[in-house]
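Biologist: Before I rely on this fold for anything, could you take me through it with care?

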Amino acid sequence: MSRSQEPSALKRKRLDSQSGSLTEHESKLYDAIRSKTDMGMSVQDLRRETGLQNNLFTKAIKTLQAKQLIKEVKNFENKTRKHYMATEFEPSKEITGGAWYDNGQFDTEFIKVVKGELVKVISDQKIATVEDISLAIRTKKFLTVNLSPQELKQILDALVLDNEVLKVVSTGTGDFGHIKAGKDCYKCCERGKPNLASMASIPCGVCPRINQCTPDGIISPTTCEYFKKWLEF
């Protein structure tokens, strides 16, 4: 999740000076990779687009890596396929899987930490909106990554399934006086009440590919290792 601290102008100048000494084959490969910005390219796509012979292709890749013009990144959907990106870019969420993946692996420990922190925030505020929670996270700086409203919503939905928090609609009065009527908000469940949700966190709540998940599709509950582990709980 970390990003380079080198100023972008200096970094661009350094990369330009290095790319100026490339051979024709190296330039062709580098231009193809760089044109894809934060999406990068797989080896298969690079070979197809550049048409370079295997020995020239391998040599050019090694040279570009040695000059720190390109880097290998993990594609969470295809961990076994090599994927390259220009070093000036950070991989998009489509490549990394978003905040819930670390180096291509589903980060259950990080999710557990985030869930615990969100419960604390909601408990402190009694009743909170997604915006309230987001502001508290930025203010307290207890997370090393920035979570989007959508990512926060995924964790909150999981907490609702865990029966840790309740999702309620503001009435605009009483305890909801500071929240606009009709707006979704969250509050902690009362301790001691029976857990009506799952005894374990269903992974679907934070899966970035949930909209593509179908019973007979490539992404499916029947092939999902995380869903199987949840069922075995």
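The questions and answers that follow concern a predicted model.

Biologist: What is the mean pLDDT of the protein, and over which residues is the pLDDT below 50 or under 50?
Modeller: In this predicted model, 79% of the residues reach a pLDDT of 70 or more, and the mean for the protein is 80. Where pLDDT is low, the predicted coordinates should not be read in detail.

Biologist: Which element gives the largest share of the largest nonpolar core?
Modeller: This core has 26 residues, and those that touch the most other members are Trp100, Val114, Leu118, Ile133, Leu147 and Leu156. Two or more residues each are given by helix H6 (108-125), helix H7 (130-140) and helix H8 (149-161). The largest share amounts to seven residues, and the element that gives it is H6.

Biologist: With which residues is Leu156 in contact, leaving aside its neighbours within four places in sequence?
Modeller: Leu156 is among the residues that touch the most other members of the largest core. Once the neighbours within four places in sequence are left aside, the contacts of Leu156 are Leu118, Ile122, Val130, Ile133, Val165 and Tyr186.

Biologist: How many residues are in the other core, which lies apart from the largest one?
Modeller: Its members include Ala32, Met41, Leu69 and Tyr84. Tyr84 also belongs to strand E3, where it is one of the buried residues. The number of residues in this other core is 17.

Biologist: Is Lys126 buried or exposed?
Modeller: Lys126 lies in the loop between H6 and H7, and its phi is positive, about 70°, although Lys126 is not a glycine. Because a residue counts as exposed over 50% relative accessible area, the 61% relative accessibility of Lys126 makes it exposed.

Biologist: What is the phi of Asn163, and where is Asn163 found?
Modeller: Asn163 is a residue other than glycine with a positive phi, near 65°. Its place is the loop between H8 and strand E6 (165-169).

Biologist: Which residues of strand E3 are buried on its two faces?
Modeller: In a regular strand the side chains alternate between the two faces of the sheet. Strand E3 (residues 83-86) is covered on both faces, with His83 and Met85 buried on one side and, on the other, Tyr84 and Ala86.

Biologist: In what sense do strands E1 and E2 pair with E3?
Modeller: Strand E1 (residues 41-42) pairs with E3 over two bridges, and there Ser42 has His83 as its bridge partner. Strand E2 (residues 70-73) pairs with E3 over four bridges, with Ile70 opposite Ala86. In both pairings the sense is antiparallel.

Biologist: Why are the buried residues of helix H4 on the same side?
Modeller: The buried residues of H4 are Phe57, Ala60, Ile61, Thr63 and Leu64. They lie on the same side of H4 because the arc that they cover around the axis is only 165°.

Biologist: Which exposed residues does the face of H4 turned away from its buried side carry?
Modeller: The buried residues of H4 are covered by elements including helix H2 (24-34), helix H3 (43-50), E2 and E3. On the face turned away from that buried side, the exposed residues are Asn54, Asn55, Lys59, Lys62 and Ala66.

Conventions: Residues are numbered from 1 along each chain as its sequence is written. Side-chain values use heavy atoms; hydrogens and water are left out. A nonpolar core is a set of buried Ala, Val, Leu, Ile, Met, Phe, Trp, Tyr and Cys residues joined through side-chain atoms within 4.5 Å. Buried means under 20% relative accessible area, exposed over 50%, partly exposed in between (1.4 Å probe, protein chains only). Contact means heavy atoms within 4.5 Å. Two strands pair if DSSP finds at least two bridges between them. The arc is that of the directions from the helix axis to the C-beta atoms. pLDDT is the predictor's confidence in each residue, from 0 to 100.
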